[in-house]
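Please review the briefing below alongside the model.

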Amino acid sequence: MPRPAPTRHLPGLLLLLWPLLLLPPLAAPGPLARPGFRRLGTRGPGGSPGRSPAPAAPTRAPHSGAGQPGGARGAGVCKSRPLDLVFIIDSSRSVRPLEFTKVKTFVSQIIDTLDIGAADTRVAVVNYASTVKIEFHLQTYSDKQSLKQAVGRITPLSTGTMSGLAIQTAMDEAFTVEAGARGPTSNIPKVAIIVTDGRPQDQVTEVAARARASGIELYAVGVDRADMESLKMMASEPLDEHVFYVETYGVIEKLSSRFQETFCAVDPCVLGTHQCQHVCISDGDGRHHCECSQGYALNADKKTCSAIDKCALNTHGCEHVCVNDRTGSYHCECYEGYTLNEDRKTCSAQDRCALGTHGCQHLCVNDRNGSHHCECYEGYALNADKKTCTVRDKCTLGSHGCQHICVSDGAASYHCDCFPGYTLNEDKRTCSAIEEARRLVSTEDACGCEATLAFQDKVSSYLQRLNTKLDGILKKLQINEYGQIHR
């Protein structure tokens, strides 16, 4: 946009003084004196940063903010409420390089007045002319130095003033959760500050209304030949608190102090005048309250604290259990199955089995939690007292001595048996094969008298044993049959 010719040809001294001469007093006629364009203010309840009326001169701290924009509301005094803040800056051809530098300085000065961080205020910048470029998102930088360096690297775009497109882009891309904006449940205000020196070349009325309806609070800053009606259509209500105008970019930095008044309140917690013994909590709008560390209670004066639970302080060092004593001190104890070490704080698991006090009849087994349990040898079962053991199966013990088969006759008795083709010997434990009698025929002289007698004796002996075996089997069968009949 063309600039007034006089500003290009003034003598050096007058050129230096020109920005100050163009700064109108707040009560002078002109855009700032028009209805709806008075001064930078704040909205009330409803998601805005909140009203912070400027205090009278005597209430300002003379040591803080002196010589800085905002006076007593300078760095270290103000505590800003967390915001999702997006700057929408016009970089069309009408904004000269030196003037664009002034805009970036204005943005950096506002950043200086805010508490920047992932949990505090997040800042993004949307640069626009005939096109729109998001320079960085809300989640890109979380400290002032990185933010200001990123602002310093921004360069102008081109011709055109597509303000409506810029607002739409900010709403669709910059104020999204994906880009770093906090969701509606966080109750973090969404604020946009648009800076322009011309008339929008697209429609802004509807897009600005949609942005405001979505919860974005719009501030409009006009410079030089900015169209006042367009500023009013973009900004939020009340207009006298959201629309601002300066004659030149040379004095735009003066507005940073007014934005500082909007976003800041004098904070006793930061000033150190709160008198809280433990913790000072800022409530906004210059209010605060005191709280105490864990294990302490706030006294009636609402400032000092008294210990109520030494163990709750979490500084006792007890590994297991901290026990408060009546004297106001404490001592450490251990869980069951552990003993307190010499340091009177840590604990070691007791070896109940090694102590010999376990009472287990057979085996004592230590558990990981410092306790123990009893177990029995194979063939024994643990009794109901969980300590003593009872024989469960003599055959299982492996000490029965049966050559072939051990047959359990109850909890504590058994007898031996042989595999098929064998007979139990007189010792009732070992077994001999029945086929051995046949092998004797081949080893003895069948024609000899002695051999014949020997053969007969052996056959008789084997037959006698076999009959005895058969009698035993028949008795068992009779017993089983008798039992089945009388069931």
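The points below are grouped by topic.

This is a predicted model: local features need pLDDT of at least 70, side-chain atom pairs count only at pLDDT 80 or more, and totals for chains, interfaces and linings use all residues. Residues are numbered from 1 along each chain as its sequence is written, and side-chain values use heavy atoms, without hydrogens or water.

**Confidence**
- The chain has a mean pLDDT of 77 (the predictor's confidence in each residue, from 0 to 100).
- Residues 1–76 have pLDDT below 50.

**Disulfides**
- The count is 11 disulfides (pairs of cysteine sulfur atoms within 2.5 Å).
- Cys276 and Cys290 are joined, S to S 1.9 Å, and the link is left-handed at -75 degrees about the S-S bond.
- Cys290 sits in strand E8 (residues 287–291), 14 residues from Cys276 (strands are DSSP runs of at least two residues, numbered from the N terminus).
- Cys290 has 8% relative accessible area and is buried (under 20%, with a 1.4 Å probe and protein chains only).
- Cys334 pairs with Cys347, S to S 1.9 Å, and this link is left-handed at -90 degrees.

**His316**
- His316 lies in the loop between strands E10 (305–307) and E11 (321–324).
- His316 counts as buried because its relative accessibility is 14%.
- The His316 side chain reaches the backbone nitrogen of Cys318 at 2.9 Å and the backbone oxygen of Cys311 at 3.5 Å.
- Leaving out residues up to four places away in sequence, His316 touches Cys311, Cys322, Tyr330 and Lys345 (contact means heavy atoms within 4.5 Å).

Conventions: Helices (H or I, at least four residues) and strands (E, at least two) are DSSP runs, numbered from the N terminus. Buried means under 20% relative accessible area, exposed over 50%, partly exposed in between (1.4 Å probe, protein chains only). A polar contact is a pair of N or O atoms within 3.5 Å; within protein, one must be able to donate a hydrogen and the other to accept it, and residues adjacent in sequence count only if both atoms are side-chain atoms.
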